[in-house]
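User: I'm new to this one and would like to know where the labels come from. Can you show it and take my questions in turn?

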Amino acid sequence: MSQPSDQDDEETQILVGSVLFLFTLFILVAACILIWFATLRENQVFWTYAGGYPILLRDLVHFTFFPLFVGTTVSLLAIHMACFAKICASLKFFILESFLLLVCWLLLATAGTIAFRNNLHNLLNGSPLHRHETPQSPG
């Protein structure tokens with residue numbers, strides 16, 4: 001049985017690093033979509049016909065926000081552990097991957113903050129969850 005060569009080991013690291021990088025970019029896109037969905041969720045006009053948003057978009061946000069949020073969180077945890085389980089030989093790749101992971105975590109935290117801020121405010125004030133303040137008309 002032959003020993004794996006350094007060339008094979010380097011090619012494997014490049015392949016694993018590329019897959020981690022692409023998966024992190026996919027998570028980055030999902031986190032950006034989550035911020036958009038969270039902003040829409042907390043906009044009262046989005047849920048009414050006055051907003052002019054398509055019903056299909058409302059249904060998409062309504063039914064996919066939490067599964068997308070949980071899936072992105074679990075995927076980000078998995079890719080984070082995979083990246084740091086075996087530090088790559090390339091310091092440049094490790095720094096780039098660490099930066100992308102940090103950006104993903106910040107975007108995910110932003111989406112969570114947007115989505116849950118109003119609900120926490122309502123819970124603390126004794127109001128029903130998902131209630132949005134409607135602007136008062138002057139006079």
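User: Why is Phe69 called buried?

Analyst: Phe69 has a relative accessible area of 16%. Buried means under 20%, exposed means over 50%, and partly exposed is in between, with a 1.4 Å probe and protein chains only as cover. So 16% puts Phe69 in the buried class. Before we go on: this is a predicted model, where local features need pLDDT of at least 70 and side-chain atom pairs count only at pLDDT 80 or more, while totals for chains, interfaces and linings use all residues. Residues are numbered from 1 along each chain as its sequence is written, and side-chain values use heavy atoms, with hydrogens and water left out.

User: Where is Phe69, and what is it in contact with?

Analyst: Phe69 is in helix H2, residues 55-85. Helices are DSSP runs of H or I with at least four residues, strands are runs of E with at least two, and both are numbered from the N terminus. Leaving aside neighbours within four places in sequence, Phe69 is in contact (heavy atoms within 4.5 Å) with Leu34, Leu108, Ala111, Gly112 and Phe116. Ala111 is 42 residues from Phe69 along the chain, yet their C-alpha atoms are separated by 8.5 Å.

User: What makes Phe69 and Phe116 an edge-to-face pair?

Analyst: Rings of Phe, Tyr and Trp (its six-membered ring) pair if their centres lie within 6.5 Å; planes under 30 degrees apart are stacked, over 60 edge-to-face, and the rest tilted. The ring centres of Phe69 and Phe116 are 6.0 Å apart and the planes are at 80°, so the pair is edge-to-face. It links distant parts of the chain, with Phe69 in helix H2 and Phe116 in helix H3, 47 residues apart.

User: How many aromatic pairs are there, and why is the one between Phe66 and Phe116 called tilted?

Analyst: The count is 8 aromatic pairs. For Phe66 and Phe116, the centres are 6.0 Å apart and the planes 35° apart, so the angle falls between the stacked and edge-to-face limits and the pair is tilted. Phe66 is in helix H2 and Phe116 in helix H3, 50 residues apart. Ring pairs also link Phe65, Phe66, Phe69 and Phe116 into a cluster.

User: Are Phe66 and Phe116 buried, exposed or partly exposed, and how do you know that?

Analyst: Phe66 has 36% relative accessibility, so it counts as partly exposed. Phe116 is also at 36%, so it is partly exposed as well.

User: What makes Arg41 and Glu42 a salt bridge?

Analyst: A salt bridge is a side-chain nitrogen of Lys or Arg within 4 Å of a carboxyl oxygen of Asp or Glu. The closest N and O atoms of Arg41 and Glu42 are 3.5 Å apart, so the pair qualifies. The count by this rule is 1 salt bridge. Arg41 and Glu42 are both buried.

User: Why are Val29, Ile33 and Trp36 called a patch?

Analyst: Patches are made of residues with over 30% relative accessible area and no salt bridge; like charges are joined within 9 Å and nonpolar side chains (Val, Leu, Ile, Met, Phe, Trp, Tyr) within 5 Å. Take Ile33, in helix H1, residues 6-41: its relative accessible area is 34%, so it is partly exposed and passes the 30% limit. Together Val29, Ile33 and Trp36 have about 280 Å² of accessible area, a value from the Shrake-Rupley method with a 1.4 Å probe, where for residues only the protein chains shown count as cover.

User: What makes a nonpolar core, and how many residues are in the largest one?

Analyst: A nonpolar core is a set of buried Ala, Val, Leu, Ile, Met, Phe, Trp, Tyr and Cys residues joined through side-chain atoms within 4.5 Å. The largest has 26 residues, and those with the most contacts inside it are Leu34, Val61, Phe65, Leu76 and Ile79. H1, H2 and helix H3 (91-125) each supply at least two of its residues. In soluble globular proteins, nonpolar side chains tend to be buried together.

User: Why is Tyr53 called partly exposed?

Analyst: Tyr53 has a relative accessible area of 28%, so it is partly exposed. Tyr53 lies in the loop between H1 and H2.
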